[in-house]
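Please work through each task before consulting its solution.

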Amino acid sequence: MSLLFSCFIIILALLFLRGALSLAPWVPTRREAIVRLWDIIDIKAWEYFLEIGSWDGRVVSFLAKKYPDSYFVGIEIVPYLYFVWLVRKYIWGLSNLELKLWNALKENIDWYQHIFVFWLPESIKEKLLPRFEKEANRSTKLYSYAFSFPKEYQNKVQSFWGDNLQKIHIYTQS
């Protein structure tokens with residue numbers, strides 16, 4: 001019995017390690033920041049919102065409740081978090097929310113009007129911004145919680161203070 005339990009713990013640790021070695025900090029977005037994002041964001045009916053690295057889905061779930069005529073997608077790479085989030089989605093009955101368990105860097109981003117990340121600055125610069133500038137529509141807004149965009153992009157960034165001096169940064173190409 002202890003061998004089976006040990007194997008279970010090792011498998012669970014490896015699943016979490018996969019996420020911990022990814023593009024983002026191993027911390028959920030604070031509720032105060034989500035409310036602040038809601039104050040800032042202007043999602044119109046039938047627009048698409050993507051959260052890359054959704055953790056437990058709190059950002060997309062909150063916004064999906066507030067904007068029932070828009071469509072929300074959350075992507076998570078850690079299976080445990082995805083399944084917890086999947087249960088919450090069905091409990092809340094959010095039909096305008098889709099959950100994906102896979103590598104977000106493979107997602108087609110050209111049809112989203114809003115993309116939200118809580119990524120480390122190096123990940124934003126190296127992995128996301130080159131794709132964003134190449135594939136996203138010119139009017140698409142890229143939101144970053146807590147971490148700023150590189151200096152060479154600052155002329156296209158608006159920053160809004162959040163609680164505990166955490167900012168939400170918005171980058172647009174146009």
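**Exercise 1.** Determine how helices α2 and α3 are arranged relative to each other, and characterise the residues of their contact.

*Solution.* The model is a predicted one.
Step 1. Helix α2 covers residues 31-40 and helix α3 covers residues 58-66; their axes come within 10 Å and cross at roughly 40 degrees.
Step 2. On the α2 side, Arg31, Ile34, Val35, Leu37 and Trp38 take part, meeting Arg58, Val59, Phe62, Leu63 and Lys66 of α3. These contact residues comprise seven nonpolar, no polar and three charged.

**Exercise 2.** Classify Ile43 as buried or exposed, and identify the residues that it touches beyond four places away in sequence.

*Solution.* 
Step 1. Ile43 belongs to the loop between α2 and β1 (48-52).
Step 2. Buried means under 20% relative accessible area. Ile43 has 6% relative accessibility, so it counts as buried.
Step 3. Leaving aside residues up to four places away in sequence, Ile43 touches Phe49, Tyr67, Ser70, Phe72 and His114.
Step 4. Tyr67 is 24 residues from Ile43 in sequence, and their C-alpha atoms are 7.4 Å apart.

**Exercise 3.** Carry out the corresponding analysis for Leu101.

*Solution.* 
Step 1. Leu101 is part of strand β3 (residues 97-101).
Step 2. Its relative accessible area is 34%, so Leu101 is partly exposed.
Step 3. With residues up to four places away in sequence excluded, Leu101 touches Glu76, Ile77, Val78, Pro79 and Tyr82.
Step 4. Leu101 and Tyr80 are separated by 21 residues in sequence and by 10.0 Å in space, C-alpha to C-alpha.

Notes
Residues are numbered from 1 along each chain as its sequence is written. This is a predicted model: local features need pLDDT of at least 70, side-chain atom pairs count only at pLDDT 80 or more; totals for chains, interfaces and linings use all residues. Side-chain values use heavy atoms; hydrogens and water are left out. Axes are lines fitted to C-alpha atoms, for helices over the stretch in contact, and angles run from 0 to 180 degrees between N-to-C directions. Helices (H or I, at least four residues) and strands (E, at least two) are DSSP runs, numbered from the N terminus. Contact means heavy atoms within 4.5 Å. Ala, Val, Leu, Ile, Met, Phe, Trp, Tyr, Cys and Pro count as nonpolar, Asp, Glu, Lys and Arg as charged, and the others, Gly among them, as polar. Buried means under 20% relative accessible area, exposed over 50%, partly exposed in between (1.4 Å probe, protein chains only).
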